[in-house]
Amino acid sequence: MVTGAPGSGKSTVVPELVRLSPGNLVVMDMDELLDDDGRLLGIDIASPTAAPIWPAYNALWLRITELIRRSGIPVLLLSPLLPAELPEGRWLHLDCPDAIRRKRLALRGWAEDQIADALADAAELRTRVPRSVRGDLSPDRVARSILDWIRGERFGKTVSLWGRLRS
């Protein structure tokens with residue numbers, strides 16, 4: 001699992017992850033089930049009014065990943081969730097400085113209160129998922145860092161990526 005608050009670069013890195021790991025890893029972003037308006041079966045999944053169905057949406061993703069993993073192919077799911085919301089697998093945090101997140105979300109047309117919520121989500125994720133990679137680098141470099149983490153996790157190695165990428 002790679003988690004990140006809105007604006008961290010999750011959707012941007014997906015094509016690079018797919019390109020760099022053909023046939024070796026199934027890469028999915030939770031947003032890929034949604035239509036262009038952020039809806040699933042007519043429901044705006046990001047709306048607070050949809051909160052009662054969020055556990056079912058998370059369970060759907062857990063089931064999808066289980067179905068794929070039984071084939072023996074590893075799965076990487078990118079999501080904005082906390083580990084407690086989808087308690088499966090190992091977690092990595094895709095993060096970026098708040099100023100960059102603010103700029104990215106403003107370019108998407110997000111209102112100030114939505115941006116403030118995303119910044120709060122990012123702060124919480126930093127405390128809940130301490131192992132992180134930077135999402136403010138090139139998509140290729142971010143993807144390679146994520147894949148290095150996966151390889152390290154698969155072979156029992158602890159990899160500290162944030163410090164390595166600061167240089």
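**Pocket, strands and salt bridges**

Modeller: Happy to, and keep in mind that this is a predicted model. Let me start with the lining of the largest pocket: helix H1 (10-20), helix H2 (54-69), helix H4 (112-128) and helix H5 (139-154) each supply at least two residues to that lining.

Biologist: What is the volume of the largest pocket?

Modeller: A total of 43 residues line the largest pocket, and those closest to its centre are Pro6, Asp31, Ala46, Pro80 and Trp110. The lining divides into 19 nonpolar, 10 polar and 14 charged residues. The pocket's volume is about 1,500 Å³.

Biologist: Now the strands. Which residue in S6 is the bridge partner of valine 2?

Modeller: Strand S1 (residues 2-3) pairs with S6 in the parallel sense, over 2 bridges. In S6, valine 2 has as its bridge partner leucine 92.

Biologist: And which residue in S7 is the bridge partner of leucine 94?

Modeller: S6 also pairs in the parallel sense with strand S7 (residues 132-134), over 3 bridges. Both faces of S6 are covered, with Leu92 and Leu94 buried on one side and His93 and Asp95 buried on the other. For leucine 94, the partner in S7 is valine 133.

Biologist: Are aspartate 95 and arginine 101 buried or exposed?

Modeller: Their side chains meet in a salt bridge, 2.8 Å from N to O. Buried means under 20% relative accessible area. Aspartate 95 has 5% and arginine 101 has 0%, so aspartate 95 and arginine 101 both count as buried.

Biologist: How many residues apart in sequence are the parts tied together by aspartate 140 and arginine 19?

Modeller: These two form a salt bridge whose closest N and O atoms are 2.7 Å apart. Aspartate 140 belongs to helix H5 and arginine 19 to helix H1, so the pair ties together parts separated in sequence by 121 residues.

Biologist: One more pair: is aspartate 136, the partner of arginine 134, buried or partly exposed?

Modeller: In this salt bridge the closest N and O atoms are 3.1 Å apart. Arginine 134 is buried, at 17% relative accessible area. Aspartate 136 has 21% relative accessibility, so its class is partly exposed.

Methods. Residues numbered from 1 in each chain as written. Predicted model: local features only at pLDDT ≥ 70, side-chain atom pairs only at ≥ 80, totals over all residues. Heavy atoms only, no water. 1 Å grid on protein atoms, 1.4 Å probe; cavity = no way out; pocket = protein on both sides within 12 Å on 5 of 7 lines; lining within 4 Å. Points joined across faces, edges and corners; volume = space filled by probe spheres on them. Helix = DSSP H or I, 4+ residues; strand = E, 2+ residues; numbered from the N terminus. Nonpolar A, V, L, I, M, F, W, Y, C, P; charged D, E, K, R; others polar. Buried < 20%, exposed > 50% of the residue type's maximum accessible area, 1.4 Å probe, protein only. Pairing = 2+ DSSP bridges. Salt bridge = Lys/Arg side-chain N within 4 Å of Asp/Glu carboxyl O.
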